[in-house]
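Please keep the sequence and the structure in view while reading.

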Amino acid sequence: MKKNASKTAQPALSLGKIKQIPVVMPSLETQKKISAVLLKAQELIDKRKAQIEALDQLTQSVFLEMFGDPVTNKTWERRPLKDIADVRDGTHDSPKYVPNGYPLVTSKNIKNGKIDLSNVNYISEEDFININKRSKVDVGDIIMPMIGTIGNPIIVDEQPNFAIKNVALIKFNNPLVVNIYLKYLLDSHYLDYILNKNKRGGTQKFLSLTDIRNMEIPLPPRDLQDKFSEIVKKIDSQKSILHKSLRELEKNFNSLMQRAFKGELFND
């Protein structure tokens, strides 16, 4: 593809060039064998993903079973989040990006319950120190996107070496609330309820720091939150095993692909 692409600012392939690209054509029998092997490998990957999804659904089911629907259940005392946690956000400035430095995590870098640094921008040590004077992230904190794709809160479980921008930061200093409980509360439809309640005009979703601080948080007994946390940790342990297996299966699939199209999987 690259060999036949035009050498312009935006490489392109003409229809004529595409028609002339040589295609390796093993026998039909070999093609069928390759397809069968790859389909079987893909089935195993899909099965592992389904198992992980089932565990995610199990966690949410356990949450609702133990605490009820957070929108309608009025059993528990409710307090504004600002009364039970230290709620901040990242920098509002736009520091100059540098080729090498400290990662500046924004909403785009929080994906699927993880911090993804594959497409992160870097800032200088000076900016990193200045931002962290008011928004330093520590292990056990929750960070959550506030703009665009709101939600997807994550608990920081490794010593961070990054700063944050346009991301909510929740730090825990009150025995009334456990970070795992709050994380799954914010991961439930309760956050959508809060968003709709505070809906503003504009095309891009936005949840202000004031909205987050004033969010009414149901407070079930601490021992019930602790029990839920222990269940979540056990489920997460199982998910970790499945994720490791998934990575191995995907690695195996890629290896099979390479071998198949190099003619090493089957020989005519």
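Does I180 count as buried or exposed? I180 has a relative accessibility of 12%, and because buried means under 20%, I180 counts as buried. The model discussed here is a predicted one.

I180 belongs to helix 5, which covers residues 179–186. Residues up to four places away in sequence aside, I180 touches I155, F228, S229, V232 and K233. One of these, I155, is the bridge partner of I142 in strand 9. I180 and G68 lie 112 residues apart along the chain, and their C-alpha atoms are separated by 16 Å.

Four strands form an open sheet in the order 2-11-8-9, with antiparallel pairing. Strand 2 and strand 9 are its edge strands, each pairing on one side only. Between strand 8 and strand 9, which run antiparallel, there are two bridges.

**Residues in loops**

N152 is located in the loop between strand 8 (142–145) and strand 9 (154–155). The phi of N152 is near 50 degrees, a positive value in a residue other than glycine. N166 sits in the loop between strand 10 (163–164) and strand 11 (167–172). N166 is not a glycine either, yet its phi is positive, at about 55 degrees.

N73 occupies the loop between helix 2 (28–67) and strand 1 (77–80). When neighbours within four places in sequence are left aside, N73 is in contact with F67, G68 and R78. D93 is placed in the loop between strand 2 (85–89) and strand 3 (97–98). Along the sequence, D93 and L176 are 83 residues apart, while in space they are 33 Å apart, C-alpha to C-alpha.

| Residue | Relative accessibility | Class |
|---|---|---|
| N73 | 17% | buried |
| N152 | 24% | partly exposed |
| N166 | 26% | partly exposed |
| D93 | 56% | exposed |

The classes follow from two cut-offs: buried means under 20% relative accessible area and exposed means over 50%, with partly exposed in between. N73, at 17%, is therefore buried, whereas D93, at 56%, counts as exposed.

**The chain as a whole**

The protein chain contains eight helices and 12 strands. Its C-alpha atoms fill a box of roughly 70 × 45 × 35 Å, taken along the principal axes. The radius of gyration of the protein chain is 24 Å, while a compact globule of 268 residues would have one near 18 Å. Of the 268 residues, 38% are buried.

As for charge, the protein chain has 41 positive and 32 negative side chains. The centres of these two sets lie 6 Å apart.

Terms used:
Residues numbered from 1 in each chain as written. Predicted model: local features only at pLDDT ≥ 70, side-chain atom pairs only at ≥ 80, totals over all residues. Heavy atoms only, no water. Buried < 20%, exposed > 50% of the residue type's maximum accessible area, 1.4 Å probe, protein only. Contact = heavy atoms within 4.5 Å. Rg over C-alpha atoms; globule rule 2.2 N^0.38 Å. Lys, Arg positive; Asp, Glu negative; His and termini not counted. Charge placed at Lys NZ, Arg CZ, Asp CG, Glu CD. Pairing = 2+ DSSP bridges.
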